[in-house]
Every structure is written in C-alpha cells, then in structure tokens.
Amino acid sequence: QIFNQHNAEAPNLEQAFHRMAQMEPNLDHDVSWFLLPSYWAKMVVALTSFLCFANSYDGDFVFDDSEAIINNKDLRAETPLGDLWYHDFWGSKLSSNTSHKSYRPLTVLTFRINYLFAGGFYPVGFHVINIILHCTISVLMVDVFSILLGGLQFTNKGRRLNLAPKSSLLAALLFAVHPVHTECVAGIVGRADLLCALFFLLSFLGYCKAFRESKHKEGHTFSVFWVLVSVILGAIAMLCKEQGITILGLNAVFDALVINKINVLELIRKLLYKDKSLENAGLLRKGLLFRITLLMCGGASILYIRWRIMGTGPPAFTEVDNPASFADSLFVRAINYNYYYSLNAWLLLCPWWLCFDWSMGCIPLIKSVSDWRIIALAALWFCLIGLICQALCSEDSHKRRILTLGLGFLIIPFLPASNLFFRVGFVIAERVIYLPSIGYCILFTYGFSLLSKQAKKKKILAVAVLGILLINVMRCALRSSQWRSEEQLFRSALSVCPLNAKVHYNVGKNLADKGNQSAAIKYYREAVRLNPKYVHAMNNLGNILKERNELHEAEELLSLAVQIQPDFAAAWMNLGIVQNSLRRFEEAEQSYWTAIKHRKKYPDCYYNLGRLYADLNRHIDALNAWRNATVLKPEHSLAWNNMIILLDNTGNLAQAEAVGREALELIPNDHSLMFSLANVLGKSQKYKESEALFLKAIKANPNAASYHGNLAVLYHRWGNLDLAKKHYEVSLKLDPMAPGTKENYNLLRRKLEQLQKKGG
C-alpha cells in the first residue's frame with residue numbers, strides 16, 4: 001500500500017502514517033517476540049550470523065575449491081581480464097565441449113582480486129569475504145522481510161515504514177542461522193551463491209524504491225529509473241550465479257500482489273469467463289503492464305546475451321551426477337524429481353543431515369509406486385496444495401499476500417535447479433537452497449504468528465522458537481568446523497550418505513595424499529563396490545596397487561577403467577606404466593600413445609614414454625619424448641633430469657651440459673638439476689663450477705647422501721683429499737649402504753695412509 005502526499009507541512013503527518021498502518025492486519029500484533037529499534041535489530045542479526053560461521057575463517061581450500069580456485073588460471077595475473085567473460089566458472093572456454101557452462105564471471109573476478117591482494121593462494125582472505133557477505137545479506141534481510149511481511153508503505157518524506165519489526169527480526173534471524181547455508185559460507189566456491197543473493201536482494205529493494213513517491217490519488221506513479229536499476233542489478237546477480245535472473249520474476253509477482261493488490265483467483269475467474277471488468281481487477285492499472293514489460297524485456301535481453309556468449313550446446317553431465325535425468329521412463333523421472341524436491345524441503349525444515357555431495361548412489365532411484373519413499377512426495381504435495389489453496393482462496397487479503405510471496409520466494413529461485421527446463425549436474429545441492437530459504441523463513445514466521453494468535457501461553461512458544469535458533473547456531477558452528485578441512489568434511493559425509501561412492505572415493509584420496517595407502521585402499525575398494533563403473537576410483541586404486549607392486553590386480557582395474565571409458569587418458573597412461581613394469585613393452589607403448597591421442601598435451605605421459613624408450617635403449621626416441629614433455633611443461637624437472645643423465649651416461653657431455661644449463665635457467669632453484677649438472681661438469685673437469693653447484697644443491701637439500709658422496713668424488717678427483725674424506729663420512733652417516741661410497745671412502749683412506757707413511 002502506498003500513501004499519497006497531500007500536505008507537506010501537515011504537523012505530525014509521519015505519526016498519522018503509523019496510526020493508519022496499524023489499522024491494517026499486522027503480523028506483529030500476535031507475535032510474542034523481541035521488539036528492537038531497526039539499528040539494533042540489524043546489529044543483532046549481523047552478530048548472530050557472524051557467530052555461526054566465524055570458525056570457518058581459517059579453513060583450508062576444500063572439495064571444489066581446488067578446481068575453481070587453485071587450478072583456475074583465470075585467477076592469475078597473466079590471464080587477460082577479458083578472458084573471464086569467455087570462460088566458465090572453472091576456467092574452461094565456454095565454447096569447449098567439456099565446459100560446465102556455469103557462467104559466473106563476476107564471482108571469478110572477486111576470486112582474482114582475493115588472490116592478488118593475498119599474494120597467492122591463502123584461504124583466510126577468501127573465507128573472511130564469504131563471512132562478511134553472509135553477514136551483509138542477513139542484515140539486508142531485515143529490510144526485505146519487513147516489506148514481504150509488513151507491506152510497502154512510505155511516509156510523506158519518502159521514508160519506508162517497517163510495519164513488522166518483530167516478525168522481520170525473527171525471519172532474518174532464521175535466515176542468518178540456517179545450517180543449510182554452511183556450504184555457501186564455509187565453502188569458498190559458495191561465493192557465487194552469496195554474491196548472487198546480495199545483488200538479488202539489492203534488485204528487490206531497488207524495485208521497491210521505484211514506488212517511494214506517489215502523487216496521484218488514482219493509481220500509482222513510479223520511477224522508471226529504479227525499475228531499470230533493478231533490472232541491471234538482476235543482471236549482475238545472474239553474472240554471479242544463474243539463479244539471479246529469477247529476481248525479475250519475483251519483482252513482477254511483488255508488483256502484482258503488493259503494489260496492485262491483485263486477487264489471483266479473481267483474476268483467473270475473470271480471464272476464464274472473459275469478464276470485461278479486468279481493469280477493475282488491477283491487471284490494467286496504470287503502469288503495471290509497462291513495468292512487467294520492462295522486466296520481461298530486460299530478462300529476455302540478459303538471457304539472449306548469455307546464450308550468445310555461452311553457445312548453444314548444453315553442458316554434458318554423466319549418469320552418476322544426476323541418475324534420475326537419465327531414466328528412460330518419464331514416470332521414473334517425474335517421481336524422482338519430486339522426491340528430490342521433498343528432500344530439499346526437508347533440509348529446510350530439519351537441516352541435520354548435511355552432506356557435501358549427494359550424487360553417486362547417495363539417493364537410490366525410486367522405480368515403483370510400492371517404494372515407501374513415495375510418502376515423502378505425498379507429504380510435500382499435500383502441504384504445497386494446502387498452502388496454494390490458502391494463498392488463492394483465503395478471504396483474508398493479508399494472508400493471501402504473505403502466503404503467495406512466501407511460496408514465490410520458495411519456488412521461483414529454485415526453478416533453475418529443478419530439472420524442469422534443463423538437466424542439472426547434481427541430485428541435491430545445499431548451496432542452491434540459499435535463496436529459496438527466504439520463502440521458508442516467510443512461511444515459518446507466518447506460521448509462528450498464527451500459533452501465537454491461538455496459544456494461551458505465548459512466552460512458551462517464543463522460548464521454543466528461541467531454542468530452535470540456538471540449536472541452529474550450534475549446528476552451524478559444528479558444520480562450519482567440518483568444512484575447515486577435507487578430512488573432516490569427507491568423513492562427516494560417511495554417516496549421512498554411506499551409499500555415496502564419491503564420499504568413499506574422497507576419503508580414500510585424502511588418506512592416500514597423506515601417505516596412508518592401506519586405509520585408502522579400503523575406501524577405494526568400497527567406492528568401486530558401490531559404483532562398479534567408477535573409473536576414477538579404479539584408476540587411483542590401480543595406482544596404489546602399482547606402487548605396492550601388486551601389478552596384476554592393478555592391470556585388471558586399469559584395463560576395466562579404459563574399457564568403461566575409452567577416452568580416460570590418465571588410466572591409459574597408468575596402464576602403460578604397469579605393462580612396462582610387467583615387461584610387456586609393446587603393449588605399454590601402445591597404451592602411452594592411446595593416452596596421448598586422447599590428451600594431446602600430456603607431459604607426464606611423454607615422460608613415461610621416454611622412460612620406456614630408455615629401458616629399450618632407444619635413446620633418440622627417449623630424448624625426443626622427454627623434450628616433448630619439457631616443451632609442454634617447461635618446469636618438468638624429472639624430464640630435464642633424465643635427459644641430462646641419459647646424455648651423461650652415453651658420453652655426450654657437451655650436450656648434457658647444454659641441456660642442464662637450459663633446465664636451470666627455467667627452474668633455477670631445483671637442487672636435483674644442480675646435482676645432475678654438477679656431475680656432468682665434474683666429468684668435464686670443470687671442478688670449480690661443479691663444486692659450486694654441488695654446494696648449492698647440498699644447501700637446498702642437506703640430507704641427500706648422494707649429494708655429499710658425489711661431491712666427495714669430485715674432491716677426490718680434484719686432489720682435495722681432506723674435503724673428500726669429510727663428505728664421504730657425511731654421506732655414509734646419512735646412508736651407510738650408499739652404493740660405491742664405502743668403497744671410494746676405503747680407497748681414499750688407504751691413499752691417505754700411504755701419504756702419511758711417505759711423509760713420515
């Protein structure tokens with residue numbers, strides 16, 4: 001409702017507005033809750049939201065953070081800023097067939113700024129920004145909920161009235177402390193949802209500002225400028241994450257229900273019966289169609305530009321990402337989609353079982369109506385239909401408005417993740433519920449007001465709600481601590497999704513990275529058991545078995561992996577390594593070339609191919625393979641080292657020296673290259689330069705027995721016998737079994753004894 005300004009100098013006009021507002025139905029009248037001034041209410045919400053997630057500030061990069069941040073070249077200064085507009089969220093070209101098609105350039109830009117200010121990949125700065133964003137959004141929610149729950153009314157001076165201060169505070173607190181938001185706040189990749197929500201809310205508040213002044217008794221004036229600002233902010237929200245575009249639809253719904261007070265059921269009836277009094281129903285009131293046209297044109301333009309940038313091809317997802325979308329039966333797809341909706345609703349109602357990933361068998365498909373989980377669908381639709389009927393048919397216009405807005409904010413932002421318009425790459429994702437939770441908070445608060453109205457002991461009800469808030473705060477703190485490291489995050493999922501192969505795979509990978517291969521094998525085997533087509537688990541398990549010299553089982557697993565996914569380049573390379581170890585050289589060579597066929601820029605495969613050729617004494621081929629590896633990856637230290645060693649061993653000292661110097665120019669601090677080049681220089685009798693490199697290598701890695709042993713050999717040849725003796729002794733102390741060192745040391749001792757006898 002918008003009041004018109006009649007007399008700018010009327011005394012106490014602002015108080016009159018408040019008195020008139022109190023005549024309208026008001027949620028706060030029945031709500032037993034804290035009444036705080038707006039400033040203090042926002043401070044309480046900000047502090048509470050901060051307390052929920054503060055312990056995530058010093059967490060690591062976890063899960064998707066590795067791909068979106070650490071491995072994303074778009075964050076580095078050498079990548080032109082313009083490339084961000086043609087790359088997806090993960091740094092791949094949008095035109096690529098392998099692109100995820102998630103277009104979020106503004107989110108990536110904030111990651112890049114974080115990286116530049118931090119001077120590298122230090123997660124604290126990334127986490128702090130996420131926490132600040134959530135606190136800011138929670139504070140904005142006080143204003144948003146005051147409009148959604150209390151209506152939009154302004155004073156003659158253009159100041160918006162908060163007609164539901166208690167209800168808006170409760171709803172904002174519910175939003176601020178909801179545990180389902182932990183993934184967005186504690187997971188750095190959740191920045192996309194936070195930025196999207198920020199501009200989503202700013203777009204809504206901007207749209208409300210369009211009605212700040214009203215000067216006509218009949219109809220409403222509005223500011224075209226603020227409507228256009230709202231569209232621009234909606235576009236910015238979409239450039240942070242795709243859901244942002246839905247705010248334009250919600251603005252239209254808000255306009256129709258709150259600004260024009262359209263009765264949807266009455267409008268439907270008049271449309272069905274072709275009633276000529278549609279103008280009286282509010283549809284054709286001054287400005288509504290024009291504003292909706294602006295919103296539609298803006299939305300269509302944004303989508304068209306995004307479509308042109310993204311290209312026509314949809315993203316390619318696999319069956320394990322979203323199994324229901326690959327079901328042949330339309331009935332099975334529909335049943336499972338609705339079951340997913342019911343699980344999302346349950347996460348809002350009872351956010352106790354939270355998991356970083358819900359794919360890969362975590363939620364088995366419903367394939368028949370005899371499955372007991374059908375009850376969840378029935379419960380969901382029973383509640384939704386009941387709410388929709390009340391939203392449409394209630395004689396209370398205040399109730400119709402709040403329920404319709406609550407359902408609108410619950411459902412419309414969720415539509416991009418619903419599988420209705422296109423296939424999505426997940427079963428359930430807690431991050432996509434960030435915006436829909438606004439609708440949940442509206443409905444919860446309205447339900448609380450209805451219960452308060454009926455309850456005789458309202459304080460007990462208020463204490464119960466306060467208890468829910470406190471439990472949610474503790475749950476947020478606990479969940480945030482689980483997001484601080486991959487080990488805690490992955491292990492927390494084992495009890496929630498024990499059937500999820502990806503959970504077992506990630507626990508196994510984390511253990512393997514820490515060197516606990518025995519425990520990793522157990523989890524990899526379980527991942528393969530749960531999903532017999534899980535090629536990445538087979539590949540990693542095959543790698544560990546290869547390192548443990550269990551070559552035949554490793555070969556079986558890797559052969560099965562490439563049979564299931566013939567273009568799996570990493571598995572082909574690892575299969576080649578196993579076949580090489582089994583001395584089946586022709587098969588190994590074929591596997592390496594197959595890997596390179598599927599991944600042309602594969603330096604590690606060229607390196608392993610070079611090792612195969614070296615074993616076969618095909619020295620030229622080996623050198624060419626290693627040279628290819630260094631061209632593709634100039635910092636490939638192992639390939640450079642092998643070239644130097646092979647040239648050294650074959651007597652090509654001048655060429656070995658040239659390669660060594662070239663390598664050290666590219667990787668100046670690599671002590672293994674210093675060591676290899678020092679050996680070559682020593683054989684070329686360039687003792688002084690060789691000594692300098694040996695000493696530099698030892699300074700970088702003082703506990704390498706071979707470094708001391710070979711320096712001792714250099715001094716031995718050079719005639720510096722005391723220093724030779726010293727470094728032989730250091731080498732033997734570090735490694736008493738060092739090959740050749742003991743013999744050389746004994747030779748030196750005999751020589752020193754002979755010199756002493758001659759001197760005596």
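**Contacts, rings and a disulfide**

Visitor: Leaving aside its neighbours within four places in sequence, which residues is D255 in contact with?
Guide: This is a predicted model, in which local features need pLDDT of at least 70 and side-chain atom pairs count only at pLDDT 80 or more, whereas totals for chains, interfaces and linings use all residues. Residues are numbered from 1 along each chain as its sequence is written, and side-chain values use heavy atoms, with hydrogens and water left out. Contact means heavy atoms within 4.5 Å, and once the neighbours within four places are set aside, the residues in contact with D255 are Y207, F211, N260, L288 and R291.

Visitor: Is D255 buried or exposed?
Guide: D255 is found in helix α10, residues 246-259, where a helix is a DSSP run of H or I with at least four residues, a strand is a run of E with at least two, and both are numbered from the N terminus. Buried means under 20% relative accessible area, exposed means over 50%, and partly exposed is in between, with a 1.4 Å probe and protein chains only. The relative accessible area of D255 is 0%, so D255 is buried.

Visitor: With which side chain does the side chain of D255 make a polar contact?
Guide: A polar contact is a pair of N or O atoms within 3.5 Å; within protein, one must be able to donate a hydrogen and the other to accept it, and residues adjacent in sequence count only if both atoms are side-chain atoms. At 2.5 Å, the partner of the D255 side chain is the side chain of Y207.

Visitor: Over which ring does the charged end of R291 sit?
Guide: R291 is also among the residues in contact with D255. A charge sits over a ring if NZ of Lys or CZ of Arg is within 6 Å of the ring centre and within 35 degrees of the ring normal. The charged end of R291 is 4.6 Å from the centre of the ring in question, which belongs to F222.

Visitor: How many residues apart in sequence are the parts that F175 and Y434 tie together?
Guide: Rings of Phe, Tyr and Trp (its six-membered ring) pair if their centres lie within 6.5 Å, with planes under 30 degrees apart counted as stacked, over 60 as edge-to-face and the rest as tilted. The whole structure holds 28 aromatic pairs, and one of them is the edge-to-face pair of F175 and Y434, at 5.2 Å centre to centre with 75° between the planes. F175 lies in helix α6 and Y434 in the loop between α15 and α16, so the separation of the parts they tie together, in residues, is 259.

Visitor: How many of the 15 residues of α15 are buried?
Guide: The helix reaches 21 Å from its first C-alpha to its last, close to the 21 Å expected, a span defined as 1.5 Å times one less than the number of residues. The N-terminal end of α15 is capped by D396, with a side-chain oxygen 2.9 Å from the backbone nitrogen of H398. α15 is largely enclosed by the rest of the structure, because the number of its residues that are buried is 13.

Visitor: Which cysteine does the disulfide join to C362?
Guide: A disulfide is a pair of cysteine sulfur atoms within 2.5 Å, and the structure holds 1. The link is left-handed, with -45° about the S-S bond. It connects distant parts of the chain, 135 residues apart, and at an S to S distance of 2.0 Å the partner of C362 is C497.
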